[in-house]
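Subject: Structure handover

Hello,

My notes on the ligand site and the pockets follow below.

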Amino acid sequence: MKFFIDTADLNEIKEAAALGILDGVTTNPSLMAKVGISGEANIKKHYVDICNIVDGDISAEVISTDFEGIIKEGKELAALHENIVVKVPMIKEGIKAIRWFTDNGIRTNCTLVFSAGQAILAAKAGASYLSPFIGRIDDSNWDGVQLIEQIVHIYSNYGYETEVLAASIRNPMHIVRCAEAGADVVTCPLSSIMGLFKHPLTDIGLAQFLADHKKANG
Ligand code: E4P
């Protein structure tokens, strides 16, 4: 399973990259706004900065919602760096654009996915990645990981090559449950990645080892 970090914060990206387990980055317009990046030139520069930190797929989201606009923006984003994946919303114009990008060699991440039906449409259009938002589904009292299981099952029935990228991860258990469900990728906040390290028995055991070593070696 690939690990992406879901942030536009360069310090967080560097911290996760330093662990040596990072395969890519996802961003969205809210995450870019959160770190104060605005204006077309600054946004594009920020994507290039991210590409220079992580050698892996970097999702850059379009703002347009009409076919022509999505194509224009997506072409510009894809031209920034070979690792850019154009993130396109799951709407009618988005699916048409994903088909166009697929036919023209531009990789895509279909975002804002909340149902298996939407996942089928994105796979049919040739999306490289599919982003079901599991945390937002949980927030509305449904089971987000169950949707990942359903989509993984459907994709394997037909050999669809679209990679299931579990998004809107809220905690370390989401990551573990997505791995059990067969997600190809998880994109997580830094806090959820760091949460995977935690186990009290590891801390207790390490303290004991170090104390015993000190006792024996002075
Ligand atoms: C990922 O591609 C999405 O941008 C992100 O995971 C959404 O997460 P949120 O529901 O925590 O905003």
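A polar side-chain atom of Lys87 is placed 2.5 Å from an oxygen atom of the ligand, a polar contact being a pair of N or O atoms within 3.5 Å (within protein, one must be able to donate a hydrogen and the other to accept it, and residues adjacent in sequence count only if both atoms are side-chain atoms). Asn28 also has a polar side-chain atom 2.5 Å from an oxygen atom of the ligand, and for Arg136 the distance from such an atom to a ligand oxygen is 2.7 Å. On its own the ligand has 340 Å² of accessible area, and the protein covers 84% of that (Shrake-Rupley method, 1.4 Å probe).

This is a predicted model: local features need pLDDT of at least 70, side-chain atom pairs count only at pLDDT 80 or more, and totals for chains, interfaces and linings use all residues. Residues are numbered from 1 along each chain as its sequence is written, and side-chain values use heavy atoms, with hydrogens and water left out.

The shell around the ligand consists of Asp6, Thr26, Asn28, Lys87, Phe133, Arg136, Ala167, Ser168 and Arg170, where near means a heavy atom within 4 Å. By class, two of the shell residues are nonpolar, three polar and four charged.

The ligand takes up the space of the largest pocket (more than half of its atoms lie within 2 Å of the grid points). A pocket is an open set of points on a 1 Å grid over the protein atoms alone, where a 1.4 Å probe fits, with protein on both sides within 12 Å along at least five of seven lines; lining residues have an atom within 4 Å of a point. The volume of the largest pocket is about 410 Å³, counted as the space filled by probe spheres set on the points. It is lined by 24 residues, and Asp6, Thr7, Asn28, Leu31 and Pro189 are the closest to its centre. Helices here are DSSP runs (H or I, at least four residues).

The second largest pocket holds about 240 Å³ of space. Among its 15 lining residues, Ile43, Tyr47, Glu61, Ile63 and Glu73 lie nearest the centre. Here α2, α3 (40–53) and α4 (67–80) each give two or more residues, and α3 supplies the largest share, four residues. This lining divides into eight nonpolar, two polar and five charged residues.

Regards

Technical notes: Nonpolar A, V, L, I, M, F, W, Y, C, P; charged D, E, K, R; others polar.
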